[in-house]
Amino acid sequence: MSKPVVLIAEILSPATIDALGPDFDVRQVDGTDRPALFAALADANAILVRSATQVDAEAIAAAPKLQVIARAGVGLDNVDIKAATTAGVMVVNAPTSNIISAAELTVGHILSLARHIPAAHNALAQGQWKRSAYTGTELYEKTVGIIGLGRIGALITARLQAFGTNVIAYDPYITSARAQQLGVQPVSLDELLEQSDFITIHMPKTPETTGMISTEQLKKMKKTAYVVNVARGGLIDEAALHEALVAGEIAGAGLDVFVSEPPKDSPLLALPNVVVTPHLGASTDEAQEKAGVSVAKSVRLALAGELVPDAVNVAGGVIDPYVRPGIPLLKKLGQVFSGLAHASPLTSVDVEVRGELADYDVSVLKLAALKGVFTNVVSETVSYVNAPLLAEQRGIGVRLITDAVSEEYRNVITLRGALADGTQVSVSGTLTGTKQTEKIVEINGYDVEVPIAKNLIVMQYTDRPGIVAVYGREFGDAGINIAGMQIARHTAGGQALSVLTVDSPVPAEILAAVRDAIAADVMIEIDITE
């Protein structure tokens, strides 16, 4: 079999290629050359880019085999995420690759402002010895305000505390326990502005955060205070910042990001109390290597059909180790469920998670269930990205239900669905023992306990003596070995349900013969794919 094609559209570190390994046909293309890019995309299963290659709707349409777009960095301005999602293509980035580099650059800007390093360098380089002109201030015992106490904010906190600073923070989503753990005092935004000697902002850019530091906020700062932005251009209102700096309302600013990059004709560049860098937050050898290696690993997972924690267009995010074993179980239960629901169109699916798992984020299990449901019923490749879209396109309502109470098992997960003809189907599963054996524990209201195997047969019929001998003989005569079996019923002489695991697929004519021999109401063969 041919290897999956991975397209490298920009210069990435050699470690990126090493991380991909030998399992792929790795090809190179200049992503800025659109005709060459489109030609290369025709066979590509994955594409790795940085910031220069535009992976827009047109490019995605030119890549019928594309499964994953990997951005070796954080920002995704050059990727059309909506078009990718519609096409069932996973988009991944490297969200933690540059956090140390960004944190260190922030500290560098703070030190540069405190000690006037760039201005002093320029003066001395021009032959001017101006020691008194560049008298600075110590960080020791100063108050540093961090707006946004996420991963980068936490790293900055640790580094600045080594200088003997007092760190305060504003973050509407940080818990007091987390702030205490970091040794940070949580305050309101106004308190932070009023108390801080240095302010650094580390928020995502959204309509709510754009311009969050503007005229009103700058006027609340100390005249001796400095502000730093190494996060996203536009978080600080640049016009308001220029006015505040010219008027002496604050002492200075350090900027690595701008609303427009490069910042053409920005008056901020001409001010002596502003330190600027050309968006260097991720510009270290280490960050670039981490980004490449990170997305290479994500590509491997995506092309293997696994869920990728760094995928930006798939719900689920980071998966708790306690939840992770449930993913393959749900994919298999989904296939059993779709086999049971074959008689009529599906209108709704409930994914019910009961037991200790209810205390965790189990949204990934809903995705795994949908991937399993559609795996054997649609012609296109089913991924964690397009499975919810497939349900939406078919008008299938999907709900995730959690309940901490599970009466018989530590955890049990049920797929329950309504069909267009008014009937309902259900299948439940669990993981048991130290080996976490995958088992089916319920089908359509019948209690069973059968290990999940590749080939399953589900039969429903009227309970009466001799039935097992009849289908046992039919399968035996056809050379079909029964590896496991369980029978469940509600009352003697009523409806019974048998679940068989067999060692090989059963031909349709054999199933038909068994159905007729036992007058089965239901006779389903389900082949489980990994």
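**View 1. Helix 5 passes helix 7 in a right-handed crossing.** In this predicted model, the helix 5 side of the contact is built from Ile99, Ile100, Ala102, Ala103, Glu104, Thr106, Val107 and Ile110. Helix 7 answers with Arg151, Ile152, Leu155, Ile156, Arg159 and Leu160. Sorted by class, that contact comes out at 10 nonpolar, 1 polar and 3 charged residues.

**View 2. Here's the geometry of that pair: helix 5 and helix 7 pack at an angle of about 50°.** Their axes sit 9 Å apart. That angle makes helix 5 oblique to helix 7.

**View 3. Now for another pair: helix 16 (residues 467-477) and helix 17 (residues 508-518) cross at roughly 160°.** The two axes come within 10 Å, and the helices are therefore roughly antiparallel to each other. As for handedness, helix 16 passes helix 17 in a right-handed crossing. Ile467, Val470, Tyr471, Glu474 and Phe475 make the contact from helix 16, while helix 17 brings Ile510, Ala513, Val514, Ala517 and Ile518.

**View 4. Zooming in on the largest pocket, we find about 1,600 Å³ of space.** Its lining takes in 49 residues, and Val74, Gly75, Asn98, Ala231 and Arg232 are the ones nearest the centre. Helix 5 (99-115) and helix 7 (151-161) turn up again here: along with helix 12 (285-303), each supplies at least two residues of the lining. Split by class, the lining has 21 nonpolar, 17 polar and 11 charged residues.

Definitions and conventions. Residues numbered from 1 in each chain as written. Predicted model: local features only at pLDDT ≥ 70, side-chain atom pairs only at ≥ 80, totals over all residues. Heavy atoms only, no water. 1 Å grid on protein atoms, 1.4 Å probe; cavity = no way out; pocket = protein on both sides within 12 Å on 5 of 7 lines; lining within 4 Å. Points joined across faces, edges and corners; volume = space filled by probe spheres on them. Helix = DSSP H or I, 4+ residues; strand = E, 2+ residues; numbered from the N terminus. Nonpolar A, V, L, I, M, F, W, Y, C, P; charged D, E, K, R; others polar. Axes fitted to C-alpha atoms, helices over the stretch in contact; angles between N-to-C directions. Parallel < 35°, antiparallel > 145°, perpendicular 65-115°, else oblique. Left-handed = near helix turned anticlockwise from the far one by under 90°. Contact = heavy atoms within 4.5 Å.
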